[in-house]
Amino acid sequence: MTELKSTVLIIEDEENIGNFMSAILKSSGYKTILCQNGQQGIQCAESYCPDVILLDLGLPDIDGMEVLREIRSWSVTPIIIISARNLESEKVNALDAGADDYITKPFGNQELLARIRTALCHHRQPIEADTGVPMYRAGQLRINFEKRRVFVGETEIRLTQIEYKLVSLLAENSGKVITYEFIIKNIWGPYADTNNRILRVNMANIRRKIEENPAVPKYIFTEVGVGYRMLDSELS
C-alpha cells in the first residue's frame with residue numbers, strides 16, 4: 001500500500017529559497033505548499049492543515065513572530081523557524097513563543113531533512129523502546145507515526161488523509177480527553193464550523209474501519225458532550 005505523504009507548508013518570501021526547499025522536499029517524497037507572505041501562510045495553515053511548517057521570520061507583510069504566535073494559538077503542528085536572524089535572543093524568543101526548532105540560514109539539504117524528520121517523528125508521539133520508532137500500540141491496534149500506517153492485527157487499514165490526522169491526534173494524546181473544539185481547530189483550522197457533524201461522520205468511518213464492533217468501541221471512546229478519548233498506549 002502507498003504510504004500517506006507528509007505535507008510541508010513553506011512560508012518564505014524569497015522565491016528562490018522557497019523553490020529550493022520545495023524541490024528538496026519533493027525529491028524526498030514530501031508534498032509542499034509554498035506561500036510568500038505571512039497572511040497567505042496563516043490562511044494555508046488553516047486550509048491545508050500541514051504536517052509541519054517551515055517559517056521565515058523576515059516576511060514582507062507581517063513579522064514571522066506574529067505568524068508563529070497566531071498559528072500556535074490554535075494549532076499544535078510542528079513549526080520550524082528558518083531565518084537569517086542568528087542572535088541567541090531571537091532564537092530563544094521564537095522557541096519560547098512555540099517554535100519546535102530553529103535553523104539559521106544558510107543550511108544544508110541533509111540538515112533540513114533531518115530536522116523535519118525529527119519534528120514529524122517525535123512531536124508528542126510515544127516511542128517503542130526496542131526499536132526507537134514512534135508508535136502507538138494498544139490491543140490489536142498499531143499506528144506507525146513514522147510511516148503513517150495503521151494496522152489492526154496483521155491487516156493494514158486504509159484511512160483518508162483526514163481520518164489519519166484524526167486518529168494520530170488522538171493517539172498522540174492517548175488516555176486524555178480531547179475536546180471537540182480542540183480537534184476541529186487542529187484538523188480543519190480555527191475558523192471551521194464548530195458544528196460537530198463533520199467530525200462525527202469522520203469518526204464513525206474510522207470506527208467502522210478499526211473497531212470490531214463500532215457500537216461498542218475498544219479504542220476510541222466518546223466523552224458525551226465533551227470530546228473523544230483514545231485508549232492509553234501500551235508504550236506510554
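Arg-148 is buried, at a relative accessible area of 9% (buried: under 20%; exposed: over 50%; partly exposed in between; 1.4 Å probe, protein chains only). Arg-148 sits in the loop between strand 7 and strand 8 (149-152). Its phi is positive, about 60°, although Arg-148 is not a glycine. The model is predicted: local features need pLDDT of at least 70, side-chain atom pairs count only at pLDDT 80 or more, and totals for chains, interfaces and linings use all residues. Residues are numbered from 1 along each chain as its sequence is written, and side-chain values use heavy atoms, without hydrogens or water.

The protein has eight helices and 12 strands (DSSP runs, H or I of at least four residues and E of at least two, numbered from the N terminus). The radius of gyration is 18 Å, which agrees with the value near 18 Å for a compact globule of 236 residues (C-alpha atoms; rule, 2.2 Å times the number of residues to the power 0.38). Along the principal axes, the C-alpha atoms fill a box of roughly 55 × 40 × 30 Å. Of the 236 residues, 49% are buried.

The largest nonpolar core has 27 residues (buried Ala, Val, Leu, Ile, Met, Phe, Trp, Tyr and Cys joined through side-chain atoms within 4.5 Å). Ile-143, Ile-183, Ile-220 and Met-230 have the most contacts inside it. Elements giving two or more residues to this core include strand 6 (135-138), helix 6 (161-172) and helix 8 (197-210). Helix 6 gives the largest share, six residues. Another core, of 23 residues, lies apart from it; Ala-45, Leu-55, Ala-94 and Ala-99 are among its members.

Met-230 has contacts beyond its neighbours within four places in sequence (contact: heavy atoms within 4.5 Å). Among these partners are Tyr-136, Leu-141, Ile-143, Val-167 and Ile-220. In helix 7, Tyr-180, Ile-183, Ile-184, Asn-186 and Ile-187 are buried. The buried residues of helix 7 pack against helix 6, strand 10 (177-179), helix 8, strand 11 (220-223) and strand 12. Just after helix 7, Gly-189 takes a positive phi of about 100°.

Most residues other than glycine have a negative phi, and most peptide bonds are trans. Cys-49 is not a glycine, yet has a positive phi of about 45°. Cys-49 lies in the loop between helix 2 (38-48) and strand 3 (52-55). Cys-49 is buried, with a relative accessible area of 8%. The peptide bond from Lys-105 to Pro-106 is cis, with omega near -5°. Pro-106 lies in the loop between strand 5 (101-104) and helix 5 (109-122).
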